[in-house]
Amino acid sequence: MIEVEGLSKRYGRHTALDGVSFAVRQGEVVGLLGPNGAGKSTTMKILTCYVSATNGRASVGGFDTFDNPLEVREQIGYLPENCPLYPDAEVTGFLEFCAQVRGIAPKARKAALERVVSDCSLEAVRRRPIGQLSKGYRQRVGLAQALLHNPPVLILDEPTSGLDPNQIRDILGLIADLGRERTVIHSTHILSEVEATSDRVLIINKGRIVAEGAPRDLGAGRTGTVVHASIRGEDTLARILDRLGAAPFIESVEVSPGDAGREGFARLAVRGRDGRDVSVELYRLAADSGWDLAELRAERAKLEEVFADLTRERSAS
């Protein structure tokens, strides 16, 4: 549904995007995750034909964003980070105006308006001026205008920006519902949001895609699996650490803070080489060394750790 190949965008000497490539399948919800200034909004502006790319190409529904911008816009419902709304207009009046701008036939406008008012839970405020609404309801109005023409693709730029926790929960639930029938790409720098809503995550930093995959799988990639072990032996802790550090299957060993809950045990966090789970090898090494094991538990790295690892490294390079 969305195809991006080698997309670059430069503003003078500043490179906002640098050779970005990805695809979003029909019916997939993809979270574009990255720190502020990473290139998320620039990517969305290119996909929605607000700006053109310096190099590369992008298409939506088979239409090129440069050659066929009108056809692309017909495919897309767009909610920008700061959605332009008319504060003096009533909700219904604003949506009727948007329907006219979208070219929805007069006979179909009422049905379209009722559909988005229901989908976005705006019934209670439909006759109120937009300027009197909470930020959460204003975001819902922004989503409603994006849905009026029943587009197959939704592009949402920071849809929860500035909302309180209850409003965030409501908007994320709405995104998840919309994703059952549409292709959705939404940007955020809040990791819990992509975990709650997205089938797949693209991590972008300094204009480049630095990781891609399902939220549950990214933790098993670059940062790897951590094996938590509580070990006790006749050797001193220093000697145990030396032997673990010399094992060919172990990349690093750290002493975890706090006690292990048992007298004489040290709690350790062990990372295997190439990010793999080394629980079996660690168990065998403990048995061969005569160590006691009170705990042996593998835990994949959390998305927060992957994100911090990737963006910190890229920022420092």
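The largest pocket is lined by 21 residues, and Y50, Y78, V101, R102 and Q145 lie nearest its centre. This is a predicted model, in which local features need pLDDT of at least 70, side-chain atom pairs count only at pLDDT 80 or more, and totals for chains, interfaces and linings use all residues. Residues are numbered from 1 along each chain as its sequence is written, and side-chain values use heavy atoms, with hydrogens and water left out.

**The largest pocket**

- A pocket is found on a 1 Å grid over the protein atoms alone: it is an open set of points where a 1.4 Å probe fits, with protein on both sides within 12 Å along at least five of seven lines. Lining residues have an atom within 4 Å of a point.
- The largest pocket holds about 610 Å³ of space. Here a volume is the space filled by probe spheres set on the points, and grid points are joined across faces, edges and corners.
- Which elements each supply at least two residues of the lining? They are α2 (69-75), β6 (76-79), α3 (91-101) and α5 (135-147). Helices (H or I, at least four residues) and strands (E, at least two) are DSSP runs, numbered from the N terminus.
- The largest share of the lining comes from α3, with four residues.
- By type, the lining divides into 14 nonpolar, four polar and three charged residues. Ala, Val, Leu, Ile, Met, Phe, Trp, Tyr, Cys and Pro count as nonpolar, Asp, Glu, Lys and Arg as charged, and the others, Gly among them, as polar.

- L95 lies in helix α3. L95 is buried, with a relative accessible area of 0%. Buried means under 20% relative accessible area, exposed means over 50%, and partly exposed is in between (1.4 Å probe, protein chains only).
- L95 and L148 are 53 residues apart along the chain, and their C-alpha atoms are separated by 7.9 Å.
- Y86, F97 and V101 make a nonpolar surface patch of about 320 Å². Patches are made of residues with over 30% relative accessible area and no salt bridge; like charges are joined within 9 Å, and nonpolar side chains (Val, Leu, Ile, Met, Phe, Trp, Tyr) within 5 Å. Accessible areas come from the Shrake-Rupley method with a 1.4 Å probe, and for residues only the protein chains shown count as cover.
- Y86 sits in the loop between β6 and α3. Y86 counts as partly exposed, at 48% relative accessibility.

- Is helix α1 (residues 40-47) mostly covered or mostly uncovered? Helix α1 is mostly covered, with six of its eight residues buried. These are K40, T42, T43, M44, I46 and L47.
- C49 follows α1 and lies in the loop between α1 and β4 (55-60). C49 is not a glycine, yet its phi is positive, at about 70 degrees. At 12% relative accessibility, C49 counts as buried.

**Salt bridges**

- The structure holds twelve salt bridges. A salt bridge is a side-chain nitrogen of Lys or Arg within 4 Å of a carboxyl oxygen of Asp or Glu.
- K40 forms a salt bridge with E158, and the closest N and O atoms are 3.8 Å apart. K40 lies in helix α1 and E158 in the loop between β7 (153-157) and α6 (165-178), so the pair ties together parts that are 118 residues apart in sequence.
- K40 counts as buried at 5% relative accessibility. E158 is also buried, with a relative accessible area of 7%.
- D292 forms a salt bridge with R232, with the closest N and O atoms 3.3 Å apart. D292 lies in strand β14 (residues 292-300) and R232 in strand β11 (residues 225-232), so this pair ties together parts that are 60 residues apart in sequence.
- D292 is partly exposed, with a relative accessible area of 37%. R232 counts as partly exposed at 33% relative accessibility.
- In the salt bridge of R180 with D177, the closest N and O atoms are 2.9 Å apart. R180 is exposed, with a relative accessible area of 67%. D177 is partly exposed, with 39%.
- R25, E28, R200 and E212 are linked in a network of salt bridges.

**A positive phi at K206**

- K206 lies in the loop between β9 (200-205) and β10 (208-213). K206 is a residue other than glycine with a positive phi, near 50 degrees. At 46% relative accessibility, K206 counts as partly exposed.
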